[in-house]
Amino acid sequence: MTEAQIRNNLARNIKAFRAIQNISQAELAEKAEISVPFLSQIECANKFPSPAILAKLSDALDANVSDLFADKENVKTENYDFVINAFKAILNGQVKSFETFCENYFEK
């Protein structure tokens, strides 16, 4: 595996864990005690964090450091509540969109 692939895996997985937890870059940066621009650079695979920063990021994301480097599209988490809440948010958004569609295109 090349350095670029490692950086890309890290970037993708941090974004995925953030999405699962529904937190912004600013919220994660604050939890991990790093700057938003630095987190952005990590998520763009332009910068590579130190081991200490990796530990802070994994703690803030409630993930194992190894999960942050996983070479797969589906990241793992021991806390399935994040996944369940993400699905609930998606489904709720779909229901709202369908309600709006019906209100706009059908007579009551």
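Reader: How many salt bridges does the count come to?
Author: The count comes to three salt bridges, where a salt bridge is a side-chain nitrogen of Lys or Arg within 4 Å of a carboxyl oxygen of Asp or Glu. Keep in mind this is a predicted model: local features need pLDDT of at least 70, side-chain atom pairs count only at pLDDT 80 or more, and totals for chains, interfaces and linings use all residues. Residues are numbered from 1 along each chain as its sequence is written, and side-chain values use heavy atoms, with hydrogens and water left out.

Reader: OK, which side chain does glutamate 43 meet in a salt bridge?
Author: That would be arginine 18, at 2.6 Å from N to O. The pair links distant parts of the chain, with glutamate 43 in helix 3 and arginine 18 in helix 1, 25 residues apart. Helices here are DSSP runs (H or I, at least four residues), as are strands (E, at least two), numbered from the N terminus.

Reader: And is glutamate 43 buried or exposed?
Author: Glutamate 43 is buried, at 3% relative accessibility. Arginine 18 is buried too, with a relative accessible area of 15%. The cut-offs are under 20% relative accessible area for buried, over 50% for exposed, and partly exposed in between (1.4 Å probe, protein chains only).

Reader: What does glutamate 33 form a salt bridge with?
Author: With lysine 56, the closest N and O atoms being 3.1 Å apart. Glutamate 33 sits in the loop between helix 2 and helix 3, and lysine 56 in helix 4, 23 residues apart, so this pair also links distant parts of the chain. Glutamate 33 counts as exposed at 58% relative accessibility, while lysine 56 is partly exposed at 33%.

Reader: What's phi like at glutamate 33?
Author: Near 60°, a positive value in a residue other than glycine. Most residues other than glycine have a negative phi. Aspartate 62 also has a positive phi, near 55°, and is found in the loop between helix 4 (51-60) and helix 5 (65-68).

Reader: Back to the pairs: where are arginine 7 and glutamate 3?
Author: Both are in helix 1, four residues apart, so about one helical turn separates them.

Reader: Switching topic, what's the secondary structure overall?
Author: Six helices and zero strands. Of the 108 residues, 30% count as buried.

Reader: How do helix 2 and helix 4 pack?
Author: At an angle of about 120°, with their axes 8 Å apart. Axes are lines fitted to C-alpha atoms, for helices over the stretch in contact, and angles run from 0 to 180 degrees between N-to-C directions. The two helices are therefore oblique to each other; under 35 degrees counts as roughly parallel, over 145 as roughly antiparallel, 65 to 115 as roughly perpendicular, and the rest as oblique.

Reader: Last one: which residues make the nonpolar surface patch?
Author: Phe98, Phe101, Tyr105 and Phe106 make it, at about 500 Å². Patch residues have over 30% relative accessible area and no salt bridge, with nonpolar side chains (Val, Leu, Ile, Met, Phe, Trp, Tyr) joined within 5 Å and like charges within 9 Å. Areas come from the Shrake-Rupley method with a 1.4 Å probe, and for residues only the protein chains shown count as cover. Phenylalanine 106 is in the segment after helix 6 (81-105) and is exposed, at 52%.
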